[in-house]
Amino acid sequence: MSHRLRAWRPMLAIAIAAAAPAVAQPSPPTAVAQPASWPALKAPLPVDPVVEARIDGLLKVMTVEQKVGQIIQGDLASITPDDVYKYHLGSVFNGGNSSPGNDEFGPASGWLAAADAFYDASMRPDGKLVRIPAIWGSDAVHGHNNIVGATLFPHNIGLGATRDPGLVGRIGAATALEMRVTGLDWTFAPTLTVVRDDRWGRTYEGFGEHPEITASFAGPLVEGLQGRIGSADWLKGAHIIATAKHFLGDGGTAGGKDQGDTLATEAQLRDTFAAGYPPALAAGVQSVMASFSSWNGVKLHGNASLLTGVLKDRWGFDGFVVGDWNGHGQVPGCTVTHCAASATAGLDLYMAPDSWKGLWQNTVADVKSGALPMARLDDAVRRILRVKIRAGVFEAGRPSTRPHAGDWSQLASPAHRALAREAVRKSLVLLKNDGGVLPLRAGARILVAGDGADNVAKQAGGWTLTWQGTGTKPEHFPNAQSIWRGIAETVKAGGGSAELAVDGIWKTKPDAAIVVFGEDPYAEFQGDRADVAFNDTRDTLAMMKRLRAAGIPVVAVFLSGRPLWVNREVNAADAFVAAWLPGSEGGGVADVLFGKADFTGKLPYSWPRRADQVVLNVGDADYQPLFAYGFGRSARDAAKLAPLSEDGPAAMRNAPGVLFTAGRATTGRQLFIATAGLAPQSVELTATLPSLTARAADRRAQEDSRRFTWTGPAQASVLVREPAARDLQREANGELALIVGMRVDAAPTAPVALLMRCGDGCAGSIDITAQLAAANGRGWTSIAVPLARFAAAGADMARIDTPFELGTAGRLDLTISEVRLGSADGAR
């Protein structure tokens with residue numbers, strides 16, 4: 001139970017004041033599309049009078065309650081088979097963090113059993129009411145990525161680097177087959193976004209920055225998932241229902257903010273952001289997902305000119321439009337449980353994860369009152385039934401009785417793993433190869449280092465078993481091969497020797513070192529950032545420099561969901577490979593590093609020269625990338641790369657989630673120490689109060705941290721003080737945490753509290769004494785406390801005026817290198 005704690009008043013404090021709010025950008029004048037200015041498309045399938053007559057018959061006998069049930073779906077975490085029966089729901093879905101039995105790491109058999117249970121509920125007799133089978137949708141965005149043991153293909157950013165439409169078609173077919181093994185009918189893929197701001201946390205879900213890649217991949221990928229129109233197994237057998245998403249403009253939001261606003265002319269929206277949709281529609285995609293984002297200030301979930309005027313009327317789309325996770329609740333005048341406006345605008349199926357019951361009740365009432373016209377409801381239901389009839393679900397029977405169901409040998413089958421390995425090989429982009437260090441000799445002594453070397457979770461990225469791709473363990477990837485294991489296998493076969501040392505400290509001096517490092521996993525929202533500077537939290541750069549100083553050639557393998565400013569790391573390596581997020585087949589990296597195949601990947605995104613080049617796209621008026629869109633070397637190209645500028649990224653100081661970094665408070669903030677009865681002391685390099693001292697310290701660079709020594713017995717704390725209350729509700733709902741990068745040199749002798757304050761008498765306090773004691777003497781580490789815990793402890797997240805406060809009444813020696821808001825993975 002949540003309760004408010006009595007505010008703890010410190011006598012000593014370190015304070016950071018906050019930055020001023022960002023200035024809002026003016027919106028272009030209109031968000032009403034003119035469908036006549038869009039190309040007219042012909043529906044790929046003619047109207048089938050037999051199918052339409054069947055739908056007519058169903059609509060005549062369905063009750064209002066049944067019809068409304070067809071247009072609402074709930075998430076597994078908030079729904080049961082009995083709910084499907086009672087409320088006549090036509091579909092269910094599993095979000096990124098939901099699964100059968102709430103066990104994200106449960107066996108695949110549990111998914112098939114759950115599919116049967118939901119299907120059975122929808123078909124259970126209910127008086128004289130007609131029975132309509134329910135279907136199940138899932139985010140299978142780089143393979144059947146919710147399932148332990150499934151094949152994990154490279155994320156779309158890596159596939160974009162392959163420039164191989166046929167390859168993505170084969171990947172679609174393999175993904176569909178693995179979904180059918182577990183009884184699922186429908187994937188929320190492919191993502192057809194064209195990403196124009198690499199700060200966006202979903203950048204890796206886009207094939208590239210240019211519409212040409214997306215347009216070339218959309219059709220083959222839809223056909224791979226669904227099968228070819230006219231074939232006997234279209235939407236059936238080994239194929240499933242696909243979803244083109246997110247309609248429209250999701251990759252162009254201002255500032256790269258998830259669920260943000262795309263400020264663009266209609267021509268830009270049509271020619272750039274919509275490029276993948278016509279080929280997807282031509283291939284027969286049966287579902288289109290509305291975007292969370294807005295176009296020129298109007299939410300897509302409520303934009304009739306696009307959902308109905310363009311997509312349905314001008315383009316002839318006769319499948320159904322599905323919403324995104326309570327996105328209808330963001331439409332003006334709506335809530336997550338009441339929103340006729342979205343359906344009126346053209347939404348056919350509400351994704352209402354935890355709001356489905358209230359939405360069902362209110363929508364039934366809206367239909368009966370006329371607020372939602374029966375004709376619009378019937379059209380939405382018709383579209384859903386049309387897809388179900390085309391997919392054969394009325395005749396298919398229980399999911400476990402359908403072709404391929406329960407054939408566990410198809411999960412990560414040899415053929416699928418070989419396909420994933422091929423995709424990895426083709427996705428790697430070689431950016432540097434000084435002196436022809438690549439390819440390496442398999443018969444050499446090879447050191448493999450870096451925290452990404454033996455880390456399948458890191459190489460797979462977000463949307464892998466969990467929403468953010470975090471919280472997993474090695475045993476959750478039984479059919480995967482880490483990059484290290486792929487290298488070790490290759491070197492052993494070549495007669496050489498391989499040693500794994502994450503910290504780069506070898507037992508036998510190697511002939512060459514492969515350092516695998518990069519971004520930690522993230523997904524939507526949590527992946528949004530303020531610049532494109534790589535944050536080297538594990539001191540990989542220092543390790544690379546140490547290896548080079550010892551005369552060891554260094555090959556850097558960089559794992560990332562977007563191009564990042566890594567000039568220092570590129571300079572510190574003899575060869576540098578952009579490996580993106582390759583998935584479960586790390587052996588594909590070894591194949592190319594050791595010359596079994598040459599590098600063929602080409603950059604799908606322009607690579608930044610500076611950390612503030614957050615909007616960097618080919619064709620820009622001032623286009624000055626470090627490596628241009630389409631760049632990619634062959635291993636035969638040994639041309640030397642000139643040293644790159646290592647001037648640090650100033651943009652980090654403007655990051656809204658970063659409170660302290662590089663030895664200073666971020667832009668607009670100030671660092672203080674204070675004690676009761678004395679004026680606060682500003683901290684630049686050093687400051688002293690009776691029971692607390694602050695002085696400069698080094699972590700990755702000179703004076704980039706601050707060391708605080710409490711000597712007691714007075715109570716002491718660390719504060720971040722905002723000039724105006726800050727609303728952190730969105731961050732708390734997005735599962736972010738308050739993260740402190742630190743080193744403990746002397747354990748606390750009294751309780752230590754970490755707080756967030758929200759005005760006089762309002763605070764949430766978390767005891768972190770045990771974490772600090774455990775970290776004592778262990779070097780640089782971090783603690784992460786979810787913002788939701790502060791809320792549960794009494795903080796009002798809508799009005800935080802002190803987002804960081806650390807205090808103790810005893811002795812403590814603590815060096816802080818960073819304070820920020822970020823992913824809660826690993827939080828205690």
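Tutor: Let us start with Trp580, which has a relative accessible area of 1%. Keep in mind that this is a predicted model.

Student: Why is Trp580 called buried?

Tutor: Buried means under 20% relative accessible area, and Trp580 has 1%, so the label applies. Trp580 lies in strand E18, residues 575–580, and has a positive phi of about 55° although it is not a glycine. Trp580 also belongs to one aromatic cluster, together with Phe517, Phe534, Phe558, Phe576 and Trp607.

Student: Which other residue has a positive phi although it is not a glycine?

Tutor: Phe525, with a phi of about 70°. Phe525 lies in the loop between strand E16 (512–518) and helix H18 (540–549).

Student: What makes Phe525 count as buried?

Tutor: Its relative accessibility is 11%, and the cut-off is under 20%, so Phe525 counts as buried.

Student: How many aromatic pairs does a search of the whole structure find?

Tutor: The search finds 22 aromatic pairs.

Student: Why is the pair of Phe247 and Trp315 called edge-to-face?

Tutor: A pair of aromatic rings is described by the distance of the centres and the angle of the planes. For Phe247 and Trp315 the centres are 6.3 Å apart, and the limit for a pair is within 6.5 Å, so the rings pair. Their planes are at 70°, and over 60 degrees counts as edge-to-face, so that is the name.

Student: What makes this pair a tie between separate parts of the chain?

Tutor: Phe247 lies in strand E6 (residues 243–247), while Trp315 is in the loop between helix H10 (304–314) and strand E11 (320–322), so the pair ties together parts that are 68 residues apart in sequence. Both residues are buried. Strand E6 also holds His246, and the peptide bond from Lys245 to His246 is cis, with omega near -5°.

Student: What makes strand E28 largely enclosed?

Tutor: Six of the six residues of E28 (residues 752–757) are buried, so the strand is largely enclosed by the rest of the structure. In a regular strand the side chains alternate between the two faces of the sheet. Here Val752, Leu754 and Met756 are buried on one side, and Ala753, Leu755 and Arg757 on the other.

Student: Why are E28 and E31 said to pair?

Tutor: Pairing takes at least two bridges, and E28 and E31 (residues 802–808) have five, in the antiparallel sense, so they pair. Five bridges also join E28 to E29 (residues 763–767), again antiparallel. Leu754 has Leu806 as its bridge partner in E31 and Ile766 in E29.

Technical notes. Residues numbered from 1 in each chain as written. Predicted model: local features only at pLDDT ≥ 70, side-chain atom pairs only at ≥ 80, totals over all residues. Heavy atoms only, no water. Phe/Tyr/Trp six-rings, centres within 6.5 Å; stacked < 30°, edge-to-face > 60°. Helix = DSSP H or I, 4+ residues; strand = E, 2+ residues; numbered from the N terminus. Buried < 20%, exposed > 50% of the residue type's maximum accessible area, 1.4 Å probe, protein only.
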